[in-house]
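Here are my notes on the model you sent over. Have it open while you read.

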Amino acid sequence: MKKVEAIIKPFKLDDVRAALTEAGISGLTVSEVRGYGRQKGHTETYRGAEYNIDFLPKVKIDTVVSDDQLDRCIEAIMETAATGKIGDGKIFVFDVEQAIRIRTGEQNDEAV
């Protein structure tokens with residue numbers, strides 16, 4: 001099993017969720033996060049005053065998938081989250097040693 005963590009632009013969330021559902025990925029956790037990468041934030045003007053926005057709003061999607069679903073999951077995120085501009089995000093993949101469904105006690109692939 002693999003944990004897929006994707007950091008994407010907030011306005012892409014609905015498209016990514018729909019693509020993951022279509023790819024057979026059933027469970028997601030979504031968090032609103034703030035951060036920066038190579039773009040290093042930007043400058044905005046508000047009521048005539050300039051100020052720096054160092055941390056940009058992003059959305060983090062976490063899901064755990066079986067090994068055979070991993071490529072479909074990554075492909076779905078990449079195809080729908082990409083805008084071709086800086087700040088599209090990142091995808092991280094981690095090994096998951098064990099998963100347990102609390103209600104039933106099911107483990108690993110059955111719990112996912």
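The points below cover a helix pair and a pocket.

1. First, the ground rules: this is a predicted model, where local features need pLDDT of at least 70, side-chain atom pairs count only at pLDDT 80 or more, and totals for chains, interfaces and linings use all residues. Numbering starts from 1 along each chain as its sequence is written, and side-chain values use heavy atoms, with hydrogens and water left out.

2. Look at helix H1 (residues 13-22) and helix H2 (residues 70-81): their axes come within 9 Å and cross at roughly 150 degrees. H1 and H2 are therefore roughly antiparallel (angles over 145 degrees). Helices here are DSSP runs (H or I, at least four residues), strands likewise (E, at least two), and axes are lines fitted to C-alpha atoms over the stretch in contact, with angles from 0 to 180 degrees between N-to-C directions.

3. Who touches whom? On H1 the contact (heavy atoms within 4.5 Å) uses Asp15, Val16, Ala19 and Leu20, and on H2 Cys73, Ala76, Ile77, Thr80 and Ala81.

4. Strand E5 (residues 56-65) gives the second largest pocket the largest share of its lining, four residues. A pocket is an open set of points on a 1 Å grid over the protein atoms alone, where a 1.4 Å probe fits, with protein on both sides within 12 Å along at least five of seven lines; lining residues have an atom within 4 Å of a point.

Methods
Parallel < 35°, antiparallel > 145°, perpendicular 65-115°, else oblique.
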